[in-house]
2 protein chains.
Amino acid sequence: MTLNLTESKVQFLESLADRTRLRIVEALREREKTVSQLVQELGATQSNISGHLRLLKISGIIKSRQEGKYVYYSLSSSAIADFLTKLEDMLAVMRREALEGA
Amino acid sequence: MTLNLTESKVQFLESLADRTRLRIVEALREREKTVSQLVQELGATQSNISGHLRLLKISGIIKSRQEGKYVYYSLSSSAIADFLTKLEDMLAVMRREALEGA
DNA sequence: CAAACATATCATTATATGTAGATATAATTA
DNA sequence: TAATTATATCTACATATAATGATATGTTTG
């Protein structure tokens with residue numbers, strides 16, 4: 001079976017490789033939030049945030065639950081938070097190595 | 001604060017969020033390779049590969065050394081290989097959780 | 001020096017993507 | 001029920017990006 005892993009990696013990376021979406025995901029690291037909370041926190045338009053949330057949900061990065069007129073979004077897995085931590089650690093290592101001339 | 005961390009994360013993710021570039025980086029996980037080796041291995045045009053290598057180099061993801069008429073490219077840090085492993089592990093976890101209905 | 005080879009760059013074109021504004025849908029409250 | 005609030009969707013537009021073909025640069029070798 002020729003399961004193309006590369007494609008799914010690319011799709012995941014594309015989903016996070018946007019300033020607005022990455023900020024959304026980082027905001028959701030703290031706790032679940034509603035669309036309007038994210039709109040206010042990120043200072044973007046509602047339709048913009050809503051569109052990015054849709055994309056992140058399709059990618060499986062976030063999930064949502066409705067409570068009354070609010071929709072709460074959260075990370076779909078703690079593995080995503082771990083991954084973001086790993087990304088930060090890696091960038092720190094790269095910066096350090098670049099300074100050392102490694 | 002010099003550079004916003006979010007921006008550098010986005011830049012790094014953008015660099016890998018392309019099928020051709022990700023395949024290049026994965027090919028370089030094994031060992032350093034020349035442009036023509038990558039052209040043959042990936043089946044893309046030389047100018048295409050060259051352009052992507054340029055971008056990856058600017059992003060600090062790969063480095064190069066010239067030996068005669070060949071230019072060898074390699075990952076700039078083993079931290080990048082580790083990061084790719086983490087990405088794979090995370091996707092595996094997400095797939096498993098999705099099946100479990102977690 | 002000229003030919004062959006390896007790599008880089010440039011110009012063009014096609015496609016993808018992000019954004020805003022308008023509008024639709026749905027839940028809540030007066 | 002009407003008004004309000006929260007969220008989603010659609011359209012249009014501007015910009016970014018990837019791919020290609022042609023060409024330029026640089027290196028080796030006959």
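A residue is near a molecule or strand if one of its heavy atoms lies within 4 Å of it. Of the atoms of DNA strand D within 4 Å of the protein, 68% belong to sugar or phosphate and the rest to bases. The model is predicted: local features need pLDDT of at least 70, side-chain atom pairs count only at pLDDT 80 or more, and totals for chains, interfaces and linings use all residues. Residues are numbered from 1 along each chain as its sequence is written, chains are lettered from A and ligands numbered from 1 in the order in which they are written, and side-chain values use heavy atoms, with hydrogens and water left out.

**Surface near DNA strand D**

- Among the 21 residues around DNA strand D, the nearest are Ser36(A), Gln46(A), Tyr73(A), Arg21(B) and His52(B).
- By class, the residues of this surface are four nonpolar, twelve polar and five charged; Ala, Val, Leu, Ile, Met, Phe, Trp, Tyr, Cys and Pro count as nonpolar, Asp, Glu, Lys and Arg as charged, and the others, Gly among them, as polar.
- In chain B, an N or O atom in the side chain of Arg21(B) is 2.8 Å from a phosphate oxygen of DNA strand D.
- Two or more residues each come from helix H3 (35–42), helix H4 (46–58) and E3 of chain A, and from helix H2 (19–30) and helix H4 (46–58) of chain B; helices (H or I, at least four residues) and strands (E, at least two) are DSSP runs, numbered from the N terminus.
- H4(A) gives the largest share, four residues.

- Of the 21 residues around DNA strand C, His52(A), Ser36(B), Gln46(B), Ser47(B) and Tyr73(B) come nearest.
- Sugar or phosphate accounts for 69% of the atoms of DNA strand C within 4 Å of the protein, and bases for the rest.
- Base atoms of DNA strand C are approached by two side chains: a polar atom of Ser47(A) lies 3.0 Å from a base oxygen, and an N or O atom of Gln46(B) is 2.9 Å from a base nitrogen.
- A polar backbone atom of Val35(B) is 3.5 Å from a phosphate oxygen of DNA strand C.
- The largest share of this surface, four residues, is supplied by H4(B).

**Sheet of chain A**

- Three strands make an open antiparallel sheet in the order E1-E3-E2 (chain A); two strands pair if DSSP finds at least two bridges between them.
- Strand E1 (33–34) and strand E2 (62–67) of chain A are at the edges with a single partner strand each, so one side of each has no neighbour in the sheet.
- E1(A) pairs with strand E3 (residues 70–75) of chain A over two bridges, and Thr34(A) is opposite Tyr72(A) in E3(A).

**Ser15(B)**

- Ser15(B), in helix H1 (residues 5–16) of chain B, is buried at a relative accessible area of 2% (buried means under 20%, exposed over 50%, partly exposed in between; 1.4 Å probe, protein chains only).

Definitions and conventions:
Polar contact = N/O pair within 3.5 Å; in protein donor to acceptor, adjacent residues only side chain to side chain.
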